[in-house]
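Please look through the sequence and the model below before reading on.

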Amino acid sequence: MTDDTQFDTNFGNGGETHQRVPEQGDHARADHLTTNQGIRVSDNQNQLKAGARGPVLLEDFVLREKIFHFDHERIPERIVHARGSAAHGYFESYEDLSDLTKAGLFSAKGKKTPVFTRFSTVAGGAGSVDTPRDVRGFAVKFYTEEGNWDLVGNNIPVFFIQDAIKFPDLVHSVKMEADRGYPQAASAHDTFWDFISLMPESMHMIMWAMSDRTIPRSLRTMQGFGVHTFRMVNAQGKSTFVKFHWKPKQGVQSTCWDEAVKIAGADPDFHRRDLFEAIDRGDFPEWELGIQAFDEEFADSLPYDVLDPTKIIPEEVLPVRPIGRMVLDRYPDNFFAETEQVAYCPGNIVPGLDFTNDPLLQGRLFSYLDTQKSRLGTANFHQLPINAPKCPVMNFQRDGQMQMNVPKGRANYEPNSLDMAGEVTGPRECPVTGFETHPGRAAEQEQGDKLRLRPESFADHYSQARMFYRSLAEAEQAHVAFALVFELSKVGLEHIRERTVANLVNVDPELAQRVADGIGMPVPAASKTAAEVQDLDLSPALRIIDGPLEPQDIVGRSIAILVADGSDAAAIAKMTKAIEGAGARAVIVAPKVGGAKLSDGSLLKADAQLAGYPSVMADAVVIALSDEGTAMLLKEGAAVQFVMDAFAHLKAIAASDEAQPLLDKAGVEADDGVTGLDDGFIAAAAKRCWDREPGVRMLP
């Protein structure tokens, strides 16, 4: 439709609304509603009938096409990672990495490559909420000059299983139970913990899954990881092992469990909305890409196998080297066409990068290609605009359902000699610039009998789980114990609870005791281990609280300012200026969305209405009330809950003196996170007040 089009509006015999192209004037082609065959439509409100009250006629091709297309608008959702949000952006390289890789996107400082990044929950369906306790997918499609590279990872650097053959079992166990069809997007049920308790290789991942990492505050405040060990290969054929890390510019932030539950009720699309609104206001999410690069000698020196996807290399052992940044600066134009139809495949890789023999990665190389064909219905899914490379694509793969290209000539094979007859002969292989698989170790070291056998170097399932748990801050350890108690309290079969706690004894006896006490059961004997559990050096880099990625400011956050009639206009202006000056967004919340009449007689328009914007939506709150406003809101349960939740979720609270009765009713007690309407609030809002937590909830 042209921008200046003015449609005529009138009403039909039955009072139905018709918006129509004006009879007089230019009948511009873009303004006319058409069928998919380009036939202009005269009436889009009524079916073709035999008389005003007669039967509908089968010849109504407009109706049949419209209903037919509607009936087929949905495609099968992803089995896992169905709930996702995405954005366009770019990757910018920090330096020339030609010493490590011949991949073009890393060939020069400042080189930019378009990307499309999708974040997702794992267990829930496409219509589930954004904030369950769950692993988050973190997939990046790089549209490089040499083809598409898909780095398909998670917000956790390890996984539940070591071998891809167990992936169907894992997913079946965590999905809704087969006989009853629930729970949705939740791991707190019998079948998941039955499987996990019988798979000790999962214990490291379970420590991460029960930590604050799986209840992120925002997609913008999650780390991302490639999970597996990959290779970089330079122009001389030298290979270097690498592990990929995404570190958010805004730091790592999570929610409290009670907060995550309440967000799900207040706004099921909380993370999706946050991503959209951040990009819309120009607060572009940004991550730094880093690598841990090492050779085979270093890998062999480690007390664990780098091909084991349940293991990490701590940053204290091998620091992460920053190599570039990713900025997401454009939200999709159409959710279905882009976010839903994007197809990530770990097998999409470019020269200069390569795989390793990680058995989980090897299985994924097969699985993703197969699942995308099944979901999108055609082997030509790579031709969809969101999946199509931005470099030339030339081969002899033709035909198939939904073929969108129109190849010319009869050369659909090679070798051929049709050029000798003056015909188009097609493309050919190139050993100079084409992708070549790195041979890996010497052939004799990677050959042997055909075996279904796991290497002994994969047998230690508890040492890194112990290292992770013991590296956490004290509050984070309490959260892990709390999460385990919550999950196992939902498990109805006693023997599963007992077996799980027996595994926890191997991780940390104190943790097992805390969980057993929380459930109300004795601590069982430790389960048998396949390898001796080691006390590895702790890794403080794994912490969120007091860790290297804990935020030190409020940049990019949302601060709610609760106002009502009579609120001090000058104080609100001062706090708004301070909040926005610190890089955050001030959200005015009032009892009525029309706003509040302030002390100077002005009307302050509200961004949100109190009942529809509980404090779980904000990162910190300002209670800017007058005596009049406080008296009114003392009778409003939503206002009391607003303040009560902010305090219980350990957020900073700035309040006017007149608002004290409301704070008292909400149970707010003075601490470092409770301030007046002054400069101290900005510093307090940078972090949660963890010292407050023992006083507001019982932790195991």
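Which residues does Thr-630 touch, not counting residues up to four places away in sequence? With contact taken as heavy atoms within 4.5 Å, Thr-630 touches Leu-625, Glu-658, Ala-659, Pro-661 and Leu-662. This is a predicted model, in which local features need pLDDT of at least 70 and side-chain atom pairs count only at pLDDT 80 or more, while totals for chains, interfaces and linings use all residues. Residues are numbered from 1 along each chain as its sequence is written, and side-chain values use heavy atoms, with hydrogens and water left out.

Thr-630 is found in helix H15, residues 627–633; helices (H or I, at least four residues) and strands (E, at least two) are DSSP runs, numbered from the N terminus. With a relative accessible area of 2%, Thr-630 is buried, where buried means under 20% relative accessible area, exposed over 50% and partly exposed in between, for a 1.4 Å probe and protein chains only. The side chain of Thr-630 also reaches the backbone oxygen of Glu-658 at 2.9 Å, and Glu-658 is among the residues that Thr-630 touches. A polar contact is a pair of N or O atoms within 3.5 Å; within protein, one must be able to donate a hydrogen and the other to accept it, and residues adjacent in sequence count only if both atoms are side-chain atoms.

Asp-60 lies between strand E2 (17–20) and helix H1 (61–71), and its relative accessible area of 8% makes it buried. Leaving aside residues up to four places away in sequence, Asp-60 touches Gln-47 and Leu-48, and a polar atom of the Asp-60 side chain lies 2.8 Å from the backbone nitrogen of Leu-48. Gly-25, by contrast, is 35 residues from Asp-60 in sequence and 29 Å from Asp-60 in space, C-alpha to C-alpha.

Helix H11 shows how a whole element can be covered. The expected span of a helix is 1.5 Å times one less than its number of residues, so the 16 residues of H11 (474–489) should span 22 Å, and the 23 Å between its end C-alpha atoms agrees with this. H11 is mostly covered, with 12 of its 16 residues buried; among them are Ala-475, His-479, Val-480, Leu-484 and Leu-488. Which helices are included in what covers the buried residues of H11? They include helix H3 (190–197), helix H4 (203–209), helix H10 (463–471), helix H12 (494–507) and helix H13 (509–519).

The next topic is the open space in the model. On a 1 Å grid over the protein atoms alone, a pocket is an open set of points where a 1.4 Å probe fits, with protein on both sides within 12 Å along at least five of seven lines, and lining residues have an atom within 4 Å of a point. The largest pocket holds about 1400 Å³ of space, a volume being the space filled by probe spheres set on the grid points, which are joined across faces, edges and corners. Of its 35 lining residues, Glu-146, Gly-147, Val-393, Met-394 and Asn-395 are the closest to its centre. Strand E6 (147–154) and helix H9 (359–376) are the elements that give two or more residues to this lining, and the largest share, three residues, comes from H9.

The second largest pocket has a volume of about 980 Å³ and is lined by 45 residues, with Val-80, His-81, Phe-167, Val-171 and Tyr-368 nearest its centre. Here too H9 gives the largest share of the lining, nine residues.

His-81 leads on to the backbone. This residue lies in the loop between H1 and strand E3 (84–93), has a positive phi near 65 degrees although it is not a glycine, and counts as buried at 17% relative accessibility. Val-227, in the loop between strand E7 (224–225) and strand E8 (230–233), likewise has a positive phi, of about 70 degrees, without being a glycine, and is buried with a relative accessible area of 8%.

Cis peptide bonds complete the picture. The bond from Tyr-182 to Pro-183 is cis, with omega near 5 degrees, and Pro-183 lies in the loop between H2 and H3. The bond from Glu-414 to Pro-415 is also cis, with omega near 5 degrees, and Pro-415 is placed in the loop between H9 and H10.
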